[in-house]
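Please find below a briefing on the structure shown here. The points are grouped by topic.

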Amino acid sequence: MGRASGAGAGAGACAGGGSGGGAYSKAVVTVTPGSTYTVTVAASKTGSTTSNTASLNDGNPTIFISSGGTEVVKAMGGSGGTGFNANGGGDAAGGTGSLSGSIGTVIFLGGNGGTGNGTSSGAGGGGAGSTGVGGNASVGTAGTGTSQNGGNGGSGVTTAVAGNNGSIY
C-alpha cells in the first residue's frame, strides 16, 4: 500500500493570501524483489515576504515512482496564496487545496487557504489525511488537518514576515 501526503504551500507577506493544504493519496502498489523504486517526500516550503506570484509559493508533491519510472502514487502540495498588493490594496486570495495532478485509488483534497486582508495574512488550509479532506482556513485562522495523517495549516500573521508553517501530523 503506497500512501502519500503533499506539502502545504508557502504564504505571501503580511496580508497575503494563505496557502492551500496538501492532498492525500493512496494506492495498492505491486513491488518486485530486487527492483529499485524512488520515493520523493515533499519538502516543506517557507512562506515568502516578497513574491506576488502564487505559483512560486506552491507546495511540493510527494511521489512514489515505479522501477519503470512511472508515477504510481502522487499527492500534490497546496497552491500558494497571492501576495498582497500594497499599491492597489484589496484582499489577497487564498490558495486552493490540491487535487489536480494527484494519483491514487483514494485521493482527498487539502483545505483552502484563507483570504488576506489589510490586517492579517490568510492562514493555511489543513492537510488532507487518510480519513478525509483538510479543513478550510478563514482569514487568519488556520484550517484543521484530518485526525489521521493530516497536519493543521499555519496561522496568519499581522506583521511583514513570512507566513507561519503548518504542522505535520
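**Briefing**

Asn-149 lies in the segment after S6, where strands are DSSP runs (E) of at least two residues, numbered from the N terminus. Asn-149 has a positive phi of about 75 degrees although it is not a glycine. The model is a predicted one, in which local features need pLDDT of at least 70 and side-chain atom pairs count only at pLDDT 80 or more, while totals for chains, interfaces and linings use all residues. Residues are numbered from 1 along each chain as its sequence is written, and side-chain values use heavy atoms, with hydrogens and water left out.

- The phi of Val-139 is near 45 degrees, a positive value in a residue other than glycine.
- Val-139 counts as partly exposed at 33% relative accessibility; buried means under 20% relative accessible area, exposed over 50%, and partly exposed in between, with a 1.4 Å probe and protein chains only.

**The open sheet**

- An open sheet is formed by 3 strands in the order S3-S4-S5, with antiparallel pairing; two strands pair if DSSP finds at least two bridges between them.
- Strand S3 (38-40) and S5 stand at the edges with a single partner strand each, so one side of each has no neighbour in the sheet.
- From one strand to the next, the twist averages 5 degrees, an angle taken on a scale from 0 to 180 degrees between the N-to-C directions of axes fitted to C-alpha atoms.
- S3 and strand S4 (residues 62-65) run antiparallel and are joined by 3 bridges.
- Val-39 stands opposite Phe-64 in S4.

**Thr-62 in S4**

- Thr-62 lies in strand S4 and counts as buried at 8% relative accessibility.
- A polar atom of the Thr-62 side chain lies 2.9 Å from the backbone nitrogen of Ala-42.

**Salt bridge**

- Side chains of opposite charge can pair when their charged atoms come close.
- The whole structure contains 1 salt bridge, defined as a side-chain nitrogen of Lys or Arg within 4 Å of a carboxyl oxygen of Asp or Glu.
- The side chains of Lys-74 and Glu-71 meet in a salt bridge at 3.3 Å, N to O.
- Lys-74 is buried, with a relative accessible area of 14%, whereas Glu-71 is partly exposed at 31%.

How values were computed: Helix = DSSP H or I, 4+ residues; strand = E, 2+ residues; numbered from the N terminus. Polar contact = N/O pair within 3.5 Å; in protein donor to acceptor, adjacent residues only side chain to side chain.
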